[in-house]
Every structure is written in structure tokens, then in C-alpha cells.
Amino acid sequence: METQEFVSQVTGVPSHRVNARVKRMGGAFGGKESRSVQLACLLAVAAKKEGRPMRCMLNRDEDMMTSGQRHPIQARWKVGTTSDGILLALEADVYDNAGYSQDMSGAVMDRCCTHLDNCYEIPNVLIRGHVCRTNTHSNTAFRGFGGPQAMFIAESYMTAVAEGLDIPIDELRWKNLYKEGEITPFLQKIDQDWHVPMMLEQVRKEVNYDSRKAAIEKFNSEHKWKKRGISMIPTKFGLSFATALHLNQAGASVKIYADGSVLLHHGGTEMGQGLYTKMCQVAAQELNVPVDAIFTQDTTTYQIANASPTAASSGSDLNGMAVKDACDQLNERLKPFREKFGHDAPMKTLAHAAYLERVNLAANGFWKMPRIGYVWGNYDVKTVKPMYYYFTQASPLLLDI
């Protein structure tokens, strides 16, 4: 949305027409949310002046110098534990290199601060985030948006604790994992969807982790210069635009034609992650039609207005639920015809009959994430709303052979 609005202001072209003049996609995962604005505005001015489409392709050096990269982040922390390794307190100052402008750096710092616990329960936490202005290009959104940096920092202090107390790192991780009902430093409750402990156990058994680790330790003891390693690291990642509540919404349009074909539009953009395929699968499942009956085109603002960025790992959630909402409306209108022709009747039969009965076969879907609405500074566990709709969770096995 930032690009569309800026270009509209610069050129005077109405917002709904901007998409026909400027392609907004930036650097695939990362960079597309805001750093496309500067180039898009320059091209929009040129296109308006010359009255024809314009294109600019940056080489890699120009791209790296102007569009920014992932934020380098430094943390200075203190950790307090019991003698047997139970985490009690964490104090940290976190600094990110914003570059010459703020861009997305504040939001990156928000997510970094809320992932500094990774998967571990720490009763007493004080985290201070510092966005640093420096004399470099402006850093920006990048895959993970501060989360990977925070989780790396968390595993760094966990490793330091394990080494300082001479406790195996796997044992330290296990005894400090969140349990259902505990709360994060920003007071979000760990609910019934918490599966990290179960996943750790499953991975341990399925890959014969203990025997492989013992074999690696034996190998390392016998080789002075060549070493091997293995590790299981739990992770969680919050789903939603954390403190930009208004971005947690999406729209979709589904139209069924009398021949049984379906035209689908939604607000998500495809950048190689398979979003368009997933949205077609959602529509196909909800409407009970084959996937090849669903047709979709590139996202355009003249079909779906005010689309949120395809970012924060929420593109599938937001747009998928909007598609489902549109399909639910159509299914309700088609219900009498399914009862008449059978629930497995082909869509062509249902749509043709509905058309003859003058039933509307187009629907606009909409979805907004429920429950969320965190406000910084609210430390009342009774009134605070969750920052994230839920956490994705993983227990990756890392090998260095």
C-alpha cells in the first residue's frame, strides 16, 4: 500500500489506477514492503511525463547499495539462573543498524524484542530496544523481520549458560521450555497449541539423536583437527503484523460462471512461495471443484482494494481465510441446488441452475485476525491482548559433518 499511495501523491493518478503503471514487487523475500517506493515514484513520474510504460532494472551492486539488507543486530545481555540451570532473569539491550532512515527498523526491533525468549520461560525480563541511525544505506524488511536475529541471540545466551554451569545444552533447553499456561515477556499466554516439547521428542526418536550424538562425541575425542556437531534447536515465530493492527486484514473476490469455472482474486502477491497455488487449493476445497477449474491472475488493486503487504508470514492465513469467506457465501447460495442435484453434483450443473434462478454467483470475502490487539505499555495480564494470533513452531535438526 505504501507504494500505491506515494505514487498517487507524486503523479496525481488515482490510487485505483496506480497498479496499471507500477509493478510493486521488490526483492522477493524482503525489501518489497517499502524500498520499492523510491524507484516506483521515479518511474511513475517518467511514465506520466512520456505517456508510456517505463522500466528500470538495477544491477546487483546498485540494488545492494540502495534497497537495503537485513538488519545487523547486536545484543548486550545478562542472564540469571539457578545452580541447576533454571532461567530466572534476562536483561538485554538490543541495537539494530537502521541505516540513514528509519524505514522498517522500528517494527523489526519490535519483533526482535518479542522473540528474544525464543522457546524458553524466563520469569523476569527487561529488554530495551535501540534503533541506531548510521551512515549507510537504509536497512529494511527481510525474511524473518528480526526474529532470526533474536533467536540466534537466545541460543547464544543459552550456550553461555550451559558452558558456565557445565550442563549439556540439550538438557538446559529441555528444562526451560515453555509449558502450556505460562506467559511470554509480553504477556501472551502459551495456549493448547504449544507443540515444541512433543516435536523435540519426536525428532529425537525418529533420527536416533542420542546415538548419533554419542558417535559424534567419540569422533571428536579421537580427532584433534576435524570436528563434527549435531544439535536440536526449538523455535517459535509469531504470526501477525505485531503492532500494526490495521494490516491484519485481507479481501478476496470469487466468481462462479455458468459453465462451472471459477475466477479468483485476492490481495496476496506471488513471489515464488506458491501463494497463488495455495489460494486456488483453498477455493477448490471449499467449493468442491477440481483445482484446474479455478483461474487466478496477478494481484491488482482494481480488483482487491487496500491490500495489506504479503509479509509477516501471514499471506496464506489472511488471504486464505478471505477466500474461504467468499466461498462460504457462495456455498450458502448454492445449498438449495446441492440438495436438489446432490452434494457431489458438478459445479457446472449447480451454477447453471443457479443462474437460471437469478442467484448471485459472485462474492467478496473479507477476514481480519481475531483476538490480537497488543498495546505497548499494558502490563495487566487480565486486559492485555495477544500480540500474535499464534506461533509457528519447529524443532530443526542441525548437522555439521
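## Structural report

Leu43 is located in helix α3, which spans residues 37-50. Helices (H or I, at least four residues) and strands (E, at least two) are DSSP runs, numbered from the N terminus. This is a predicted model, in which local features need pLDDT of at least 70 and side-chain atom pairs count only at pLDDT 80 or more, whereas totals for chains, interfaces and linings use all residues. Residues are numbered from 1 along each chain as its sequence is written, and side-chain values use heavy atoms, with hydrogens and water left out.

With a relative accessibility of 22%, Leu43 counts as partly exposed; buried means under 20% relative accessible area, exposed over 50%, and partly exposed in between (1.4 Å probe, protein chains only). Leaving aside neighbours within four places in sequence, Leu43 is in contact with Met54, Arg55 and Cys56, where contact means heavy atoms within 4.5 Å. Thr235 lies 192 residues from Leu43 along the chain, and the C-alpha atoms of these two residues are separated by 41 Å.

### Overall fold

The protein chain contains 12 helices and 11 strands. Of its 401 residues, 44% count as buried. Taken along the principal axes, the C-alpha atoms fill a box of roughly 75 × 60 × 50 Å. Among contacts between residues at least 6 apart in sequence, 72% join residues at least 24 apart.

### The four-stranded sheet

Strands of a sheet pair through backbone hydrogen bonds, either parallel or antiparallel. Here, 4 strands form an open sheet with mixed pairing, in the order β8-β7-β6-β9; two strands are taken to pair if DSSP finds at least two bridges between them. The edge strands, each pairing on one side only, are β8 (294-296) and β9 (362-368). On average, neighbouring strands of this sheet are turned by 25 degrees against each other, direction ignored.

| Strand pair | Bridges | Sense | A bridge partner pair |
|---|---|---|---|
| β7 and β8 | 3 bridges | parallel | Val262 and Ile294 |
| β1 and β2 | 9 bridges | antiparallel | Arg76 and Asp93 |

Strand β7 is largely enclosed by the rest of the structure, because 5 of its 5 residues are buried. Val262, Leu264 and His266 point one way from β7, while Leu263 and His265 point the other way, and all are buried. β7 also forms a hairpin with β6, with 5 residues between the two strands. In the turn of that hairpin, Gly260 has a positive phi of about 90 degrees. The strands β1 (residues 73-81) and β2 (residues 87-99) likewise form a hairpin, with 5 residues between them and a positive phi of about 95 degrees at Gly85 in the turn.

### Helix packing

Two packed helices are described by the angle between their axes and the distance between the axes. Axes are lines fitted to C-alpha atoms, for helices over the stretch in contact, and angles run from 0 to 180 degrees between N-to-C directions.

Helix α10 (residues 275-287) packs against helix α11 (residues 315-341) at an angle of about 25 degrees, with their axes 8 Å apart. The arrangement is therefore roughly parallel, since angles under 35 degrees count as roughly parallel, over 145 as roughly antiparallel, 65 to 115 as roughly perpendicular and the rest as oblique. The crossing of α10 and α11 is right-handed; a crossing is right-handed if the near helix is turned clockwise from the far one by less than a right angle, and left-handed if anticlockwise. On the α10 side the contact includes Leu275, Met279 and Val282, and on the α11 side Val323, Cys327 and Leu330 are among the residues met. The residues of this contact divide into 8 nonpolar, 5 polar and 5 charged. In this classification, Ala, Val, Leu, Ile, Met, Phe, Trp, Tyr, Cys and Pro count as nonpolar, Asp, Glu, Lys and Arg as charged, and the others, Gly among them, as polar.

Helices α6 (residues 147-165) and α7 (residues 169-176) cross at roughly 115 degrees, their axes coming within 9 Å. Their crossing is right-handed. In α6, Glu155, Met158, Thr159, Val161 and Ala162 meet Ile169, Leu172, Arg173 and Asn176 of α7. By class, this contact has 5 nonpolar, 2 polar and 2 charged residues.
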